[in-house]
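Thanks, everyone. Let me put the model up, and we'll walk through it piece by piece.

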Amino acid sequence: MAQNEADTEKATTTPDVRPSWRAPRGRVPAALALLTALLLAFPGSVPNAGPRLGSLLESFLPWLGLAVPVLLAAALLRRSALAVTAVLLPLAAWCAAFGHLLLPGPAPQPRELLVLQHNVSDENTDPVGTARAMAAAGPDLIGVQELLPEAVESYRRTLAPEYPHHAVSGTVALWSKHPLSDVAPLDIKPRDLTEPWNRGLRAVVTTPHGDVVAHVVHLPSMRVGAGGLTSQRRDESATLLGRAIAEEPLHTVILLGDLNGTTEDRGLAPLTDRLNVPERGFGFSFPVGLPVARIDQVMARTATVTDLRTLPATGSDHLPVTARILLP
């Protein structure tokens with residue numbers, strides 16, 4: 001009996017020396033922060049075959065920055081130093097990719113042009129009001145898309161006092177304060193389209209600083225569905241446009257267009273690899289109710305797009321964008 005009592009006392013007083021290990025708190029938000037940073041820094045690592053997930057990610061890449069405050073809140077809730085530190089990675093990656101767009105633009109320069117790009121919408125019921133809004137911004141050049149034949153006269157009549165020079169090709173058009181010459185359509189039609197389709201225009205603009213070539217374009221639309229992103233036609237059209245720009249004999253080219261894609265989208269690489277993109281401003285232009293992407297683009301060759309901004313809504317489902325272009 002005494003022996004049993006001794007054994008019981010020994011069992012209750014012997015400390016538990018088995019090793020115990022507890023993983024640091026905040027592993028999940030830390031892992032998500034690392035994943036977000038990798039996607040921001042290396043979006044090209046996401047494959048683009050099939051559903052084109054790469055292009056889909058790149059189309060909305062700036063919005064990954066919204067994950068930073070969410071992950072920071074989760075890290076603080078878990079009181080995890082590891083997670084808080086990890087959140088610095090996507091923050092740094094976002095700033096490296098997009099921080100420069102938030103900086104103020106440079107002061108106006110003598111050799112600058114102000115240009116305006118606007119998809120005016122084929123459902124616009126107020127073409128006169130839209131034309132007045134564009135003219136009020138005072139650009140040197142106005143490029144428009146989805147211009148219906150029956151609306152051309154309304155735009156021409158409204159813009160004529162300040163923009164006496166204009167050219168129309170299909171559903172795209174260019175209005176200019178400066179003389180136009182060598183106007184011609186641009187063939188950027190995808191091969192599988194059989195119906196009439198003309199969404200490209202080329203013109204030489206005689207500016208006070210020399211001749212430049214203006215291209216006004218509207219690339220095919222993309223669709224997002226259960227199978228992912230369908231952008232094959234748009235990518236083919238972008239390739240054709242890239243070839244036209246490569247073959248352009250004049251050095252300075254200004255591209256005004258609804259490209260149905262962002263400058264981060266690899267599907268537009270035939271253009272973005274050849275042209276300078278805006279240095280300042282996000283310019284989210286679509287859709288007008290909640291703009292989440294800049295698909296209305298201004299780019300240039302041998303010239304610098306120093307600043308891009310959106311204007312107030314018109315009768316279109318796109319916002320107009322303006323850009324300052326510093327000529328060489």
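S121 sits in the loop between β1 (112-119) and α6 (127-136). Helices here are DSSP runs of H or I with at least four residues, strands are runs of E with at least two, and both are numbered from the N terminus. S121 is not a glycine, yet its phi is positive, about 80°. S121 is also buried, with a relative accessible area of 9%. Buried means under 20% relative accessible area, exposed means over 50%, and partly exposed is in between, with a 1.4 Å probe and protein chains only.

A word on the source. This is a predicted model: local features need pLDDT of at least 70, side-chain atom pairs count only at pLDDT 80 or more, and totals for chains, interfaces and linings use all residues. Residues are numbered from 1 along each chain as its sequence is written, and side-chain values use heavy atoms, leaving out hydrogens and water.

Back to the backbone. Most residues other than glycine have a negative phi, and most peptide bonds are trans. E146 has a positive phi, near 55°. E146 belongs to the loop between β2 (141-145) and α7 (152-159). R79, which follows α4, has a positive phi near 55°. And F286 and P287 are joined by a cis peptide bond, with omega about -10°. P287 is in the loop between α9 (269-272) and β11 (296-301).

Now helix α4, residues 67-77. Which of its residues are buried? V68, L71 and A75 are. Down the axis of α4, the buried residues fall within an arc of 70°, so they line one face of the helix. That arc is taken from the directions from the helix axis to the C-beta atoms. V70, L76 and L77, on the other side of α4, are exposed. The cover over the buried residues includes α2 (27-41) and α5, where contact means heavy atoms within 4.5 Å.

Next, the strands. Strand β7 (residues 210-218) is mostly covered, with seven of its nine residues buried. Strand β6 (residues 200-207) runs antiparallel to β7, joined by eight bridges. Pairing requires at least two DSSP bridges between two strands. The two form a hairpin with two residues between them. V204 has V213 in β7 as its bridge partner. β7 also pairs with strand β10 (residues 253-258), in the parallel sense, over six bridges. There, H215 has L255 in β10 as its bridge partner.

Last, α5 itself. L89 lies in this helix, residues 81-98. At 45% relative accessibility, L89 counts as partly exposed.
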